[in-house]
Amino acid sequence: VVGSLGRAQIVNDSKATNADATEKALLSFPGGLFWIAGGRAKEGGIASLLPLFNRVEKAYLIGEAASSFAQTLETHVPYELAETLDEAVRRAVRDAQTSSHKEPVVLLSPACASYDQFKNFEMRGDAFRQFVSAQPGFVAMKKGKRMQSRLDRNPLADWWWTVDRLMFVLVVLLMVTGIVLGLAGSPPVADRLGLPTFHFVI
């Protein structure tokens, strides 16, 4: 997460240089995505991402792959041929800020190599940060504090942590119940503690 612009969260996933990596990013958000994609395409393009296109509100295509990606998106996702990353950022931010979606996300997840416009994906990511930070109203992520997005979270880990805590509470309750019943069933101890005496018949 780079920061935010109003309600819109800004996410840098420049390291997603193929469709498999971009799939993980798209799966991390239920919708409201303003997706910046393109560069030097890998074999297969983005056709495998078709089942996830319904999460994308609009796409902004850059680089050599722009025209081929446009053909794949045709009739599925509204798109613009932005050509360059700075222009894609400007348009995506414009649309995200006027979106009716509760939590719009400007997502750079190119599904492409960067070599047509940048030396590597790190430089592409740095340029993305520079372009979004230049937008009016941009609020950067606080230094030393990680803003967690759905892209950062592991749903399976969250589920397991919840179950683990519930099991711990259950075990503690059973232990306390066993101790109380054990004390109550022992007349000398119960008398000393002022507890009612129970007699169990098996």
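A nonpolar core is a set of buried Ala, Val, Leu, Ile, Met, Phe, Trp, Tyr and Cys residues joined through side-chain atoms within 4.5 Å, where buried means under 20% relative accessible area with a 1.4 Å probe and protein chains only. The model is predicted, so that local features need pLDDT of at least 70 and side-chain atom pairs count only at pLDDT 80 or more, while totals for chains, interfaces and linings use all residues. Residues are numbered from 1 along each chain as its sequence is written, and side-chain values use heavy atoms, with hydrogens and water left out.

**View 1. The largest nonpolar core has 25 residues.** Those with the most contacts inside this core are Trp 35, Ile 46, Leu 61, Leu 73 and Leu 107. At least two core residues come from each of α1 (19–27), β3 (33–38), β5 (56–62), α2 (66–73) and β7 (105–108), the helices (H or I, at least four residues) and strands (E, at least two) being DSSP runs numbered from the N terminus. The most is given by α2, with 4 residues.

**View 2. A second, separate core has 22 residues.** Val 2, Ile 36, Ala 88 and Ala 96 are included in this second core.

**View 3. Leu 61 and its contacts.** Leaving aside neighbours within four places in sequence, Leu 61 is in contact (heavy atoms within 4.5 Å) with residues including Ala 37, Phe 69, Leu 73 and Tyr 79.

**View 4. Gly 3 lies in strand β1 (residues 3–5).** Gly 3 is buried, with a relative accessible area of 0%, and, not counting residues up to four places away in sequence, Gly 3 touches Ala 8, Gln 9, Ile 10, Phe 138, Val 139, Ala 140 and Met 141.

Methods. Buried means under 20% relative accessible area, exposed over 50%, partly exposed in between (1.4 Å probe, protein chains only).
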